[in-house]
Amino acid sequence: DHDPQQLRLNDGRCDRAGRLWAGSLFSPKTAPDAALWCLRADGAGGYAVQHMAGDCTTANGLAFSPDDDW
């Protein structure tokens with residue numbers, strides 16, 4: 001549960017494996033309530049969302065290294 005006036009998805013990008021990475025933005029920036037998420041195919045014809053990192057205030061400018069190390 002969240003207040004969409006304060007917490008929303010801010011930035012997203014697909015990696016070379018086809019996964020969608022999206023970060024949220026916590027508007028008041030008074031607490032680290034934002035996070036980084038990854039949406040991927042689950043292998044059974046559906047999708048799974050995984051929480052990748054937390055304790056953030058803003059996710060912005062997602063990028064991947066050319067060798068996929070980071």
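Author: Here is a walk through the strands, with a close look at the second one and what surrounds it.

A word on the ground rules: this is a predicted model, where local features need pLDDT of at least 70 and side-chain atom pairs count only at pLDDT 80 or more, while totals for chains, interfaces and linings use all residues. Residues are numbered from 1 along each chain as its sequence is written, and side-chain values use heavy atoms, with hydrogens and water left out.

Let's get our bearings. The protein chain has zero helices and four strands, and reading along the sequence gives β-β-β-β. Those labels are DSSP runs numbered from the N terminus (helices are H or I, at least four residues; strands are E, at least two). The C-alpha atoms fill a box of roughly 35 × 30 × 15 Å along the principal axes. Of the 70 residues in the chain, 20% are buried. Here "buried" means under 20% relative accessible area, "exposed" means over 50%, and "partly exposed" is in between, using a 1.4 Å probe and protein chains only.

Now for β2, which spans residues 20-26. What does β2 pair with? On one hand there is β1, residues 7-14, joined to β2 by seven bridges and running antiparallel to it. On the other hand there is β3, residues 34-41, also antiparallel to β2 and joined to it by four bridges. Two strands count as paired if DSSP finds at least two bridges between them.

You can pick out some of these bridges in the picture. Looking towards β3, the bridge partner of A22 is W37. As background, in a regular strand the side chains alternate between the two faces of the sheet.

Stay with D11 for a moment, which sits in β1. Leaving aside neighbours within four places in sequence, D11 is in contact (heavy atoms within 4.5 Å) with W21, A22, G23, A59, N60, G61 and L62. By contrast, take S27: D11 and S27 are 16 residues apart in sequence, and their C-alpha atoms are 14 Å apart in space.

Next, the links at either end of β2. The hairpin of β1 and β2 has five residues between the strands, and G18 takes a positive phi near 90° there. In the loop between β2 and β3 you'll find K29, with a positive phi of about 55° although K29 is not a glycine. Most residues other than glycine have a negative phi, and most peptide bonds are trans. Another case is D55, also not a glycine, where phi is near 60°. D55 belongs to β4, residues 47-56, and counts as exposed because its relative accessibility is 67%.

T58 is partly exposed, because its relative accessible area is 32%. A17 is another story: T58 and A17 are 41 residues apart in sequence and 24 Å apart in space, C-alpha to C-alpha. Across the chain, of the contacts between residues at least 6 apart in sequence, 31% join residues at least 24 apart.

C14 counts as partly exposed because its relative accessibility is 47%, whereas C38 counts as buried because its relative accessibility is 5%.

Finally, step back to the charges. The chain carries 6 positive and 10 negative side chains, and the centres of the two sets lie 6 Å apart. Lys and Arg count as positive and Asp and Glu as negative, with His and the chain ends not counted; the place of a charge is taken as NZ of Lys, CZ of Arg, CG of Asp or CD of Glu.
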